[in-house]
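Me: I'm new to this one and would like to get my bearings. Could you walk me through it, a bit at a time?

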Amino acid sequence: MLTKRIIPCLDIKNGRTVKGVNFIDLRDAGDPVELAKQYAEIGADELVFLDIAATLENRGTTLDMVVRVAEQVNIPFTVGGGISSIEHVDALLKNGADKVSINSSAVKRPELVNELADKFGSQCVVVAIDAKQVDSSWKVHLAGGTIPTEIDLFEWAKEVEERGAGEILFTSMDHDGTKAGFANKALAKLSEELNIPIIASGGAGNVQHFIDTFKEGKADAALAASVFHFGEIPIPDLKKELKKQNIEVRI
Amino acid sequence: MKLVIIDYGAGNTKSIQFAFSRLGYDAILSNDPKEIESADKVIFPGVGEASSAMTMLKESGLDKLIPKLKQPVLGICLGMQLMCLHTEENNTEGLGIFQTNVKRFSNEVKVPQMGWNVIKDLKSDLFKGIKEREYMYLVHSYYAEHCNETIAKTDYGINYASALQHGNFYGTQFHPEKSGNEGAKILKNFLEL
């Protein structure tokens with residue numbers, strides 16, 4: 001059976017990890033490559049690198065990091081942040097990234113999803129969607145959740161699937177940082193309405209939250225940052241618990 | 001050992017090159033028939049869409065060369081699918097090395113299959129030291145149907161061939177170069193064939 005995936009997310013700025021990391025003995029906790037290797041060893045299924053300060057000027061630094069990760073890490077990884085052109089995606093994939101994640105650029109120009117899927121294949125196109133519940137509906141937000149739009153989460157997700165996205169990375173801005181659990185109702189609805197994998201993001205605080213997002217939220221993968229980086233939830237322990245709950249994981 | 005990765009414009013050649021370099025081997029990227037023919041081992045990668053990959057192969061004449069190779073050849077992902085008779089992806093004729101066809105997963109499962117799944121009923125030296133039901137990383141929307149060349153099976157809605165072998169030709173639907181330490185073992189086994 002296809003397993004549920006556990007995905008640590010590393011925030012990157014100028015080729016270095018941003019948030020402090022103290023989960024394990026690392027020579028250099030700011031080095032994304034060191035960290036990525038450790039995560040691969042302890043059983044992470046995939047990694048996401050999010051360039052949180054992406055600019056044209058530091059693109060070379062990020063590409064350099066991507067090539068070093070690809071050299072040393074033997075599990076798949078996705079790169080996101082500030083990606084808006086075919087040329088940029090081409091460079092990332094050629095440097096060894098397995099997938100790219102696009103967000104605001106897809107909202108600004110939805111044809112980008114088609115262009116990337118046609119040129120590189122759906123399997124490497126992840127569309128990240130940040131959304132927040134406004135009244136009773138979920139609205140897409142841009143620029144790290146700071147700019148609201150009138151776009152409905154479910155309609156947008158359906159549209160990008162039709163345009164060729166291979167996967168959706170859905171972050172609930174209402175849950176992100178709260179450590180109170182994932183947005184399982186919205187996740188389950190996405191999973192029912194779409195036929196591509198859904199990654200749950202935002203709200204991981206304890207092991208039960210992961211169990212819930214796989215069972216109730218029907219997520220295909222769960223992404224988290226601080227609970228992994230600070231060793232609050234060791235990935236091997238998490239996977240053992242998930243397995244006990246009859247959730248298929250790779251151990 | 002001379003190890004050549006066929007470079008025809010499709011695929012994550014870098015990841016495969018790095019995977020071999022982690023094993024201590026330098027793999028050469030090439031589309032030069034002489035380089036490919038003189039290699040001890042050949043890797044046929046592929047990521048992307050079948051018909052455009054096939055067009056690129058034809059443009060470089062590699063579609064004629066690959067089936068004639070005598071040394072061990074390993075097709076990975078789309079590379080393996082293109083070595084089959086035919087794929088439903090844009091109704092594309094393959095190289096006809098593996099006597100089977102490639103179909104699209106039904107919509108009863110999420111497509112693409114993306115992530116780690118088990119390989120079982122392993123029968124080839126390619127899997128020496130790999131345990132039954134080991135996890136491998138897969139990303140694909142199309143699958144090869146079983147035939148008597150199946151050397152590994154995987155379930156995803158349907159039970160399909162996740163690896164094939166015909167004489168000196170091997171193919172894996174999964175990505176050994178991205179499948180952690182166990183995937184690396186399979187690459188090492190290929191080098192030792």
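**Getting to know the two chains**

Me: What share of the 193 residues of chain B count as buried?
Reply: Keep in mind that this is a predicted model. A residue goes down as buried if 20 or more other C-beta atoms lie within 10 Å of its own. For chain B, with its 193 residues, that share is 53%.

Me: What radius of gyration does chain B have, and why does it agree with a compact globule?
Reply: Chain B spans about 45 × 35 × 30 Å along the principal axes of its C-alpha trace. A compact globule of 193 residues would come out near 16 Å, so the value for chain B agrees. That value is 15 Å.

Me: How many helices and strands does chain B have? And what percentage of its contacts with a separation of 6 or more comes from residues 24 or more positions apart?
Reply: Chain B has 6 helices and 13 strands. Counting its contacts with a separation of 6 or more, the part from residues 24 or more positions apart is 68%.

Me: How many residues does each chain bring to the contact between A and B?
Reply: On the side of chain B, the elements giving two or more residues are α1 (13-22), β8 (113-119), β9 (134-140), β11 (150-156) and α6 (180-191). By class, that side has 12 nonpolar, 10 polar and 6 charged residues. The contact takes 28 residues from chain B and 27 residues from chain A.

Me: Is Asn91(B) buried or exposed, and how far in space is it from Leu193(B)?
Reply: Asn91(B) sits in the loop between β5 (86-87) and β6 (92-93) of chain B. A residue is exposed if 12 or fewer other C-beta atoms lie within 10 Å; Asn91(B) has 9, so it is exposed. Asn91(B) and Leu193(B) are 102 residues apart in sequence, and their C-alpha to C-alpha distance is 34 Å.

Me: What covers the buried residues of α8(A)?
Reply: In α8 (residues 207-215) of chain A, the buried residues are His209(A), Phe210(A), Asp212(A), Thr213(A) and Phe214(A). Their cover includes α7 (184-193), β10 (198-201), β11 (221-224) and α10 (235-244) of chain A.

Me: Why do the buried residues of α10(A) line one face, and which elements do they pack against?
Reply: The buried ones are Ile235(A), Leu238(A), Lys239(A) and Leu242(A). Looking down the axis of α10(A), they fall within an arc of 95 degrees, so they line one face of the helix. The face turned away from that buried side carries the exposed residues Pro236(A), Asp237(A) and Lys244(A). The buried residues pack against β1 (5-13), α1 (32-42), α8 and α9 (226-229) of chain A.

Methods:
Residues are numbered from 1 along each chain as its sequence is written. Chains are lettered from A and ligands numbered from 1 in the order in which they are written. This is a predicted model: local features need pLDDT of at least 70, side-chain atom pairs count only at pLDDT 80 or more; totals for chains, interfaces and linings use all residues. Two residues are in contact if their C-beta atoms, placed from the backbone, lie within 7 Å. Helices (H or I, at least four residues) and strands (E, at least two) are DSSP runs, numbered from the N terminus. Ala, Val, Leu, Ile, Met, Phe, Trp, Tyr, Cys and Pro count as nonpolar, Asp, Glu, Lys and Arg as charged, and the others, Gly among them, as polar. The radius of gyration is taken over C-alpha atoms; the globule rule is 2.2 Å times the number of residues to the power 0.38. The arc is that of the directions from the helix axis to the C-beta atoms.
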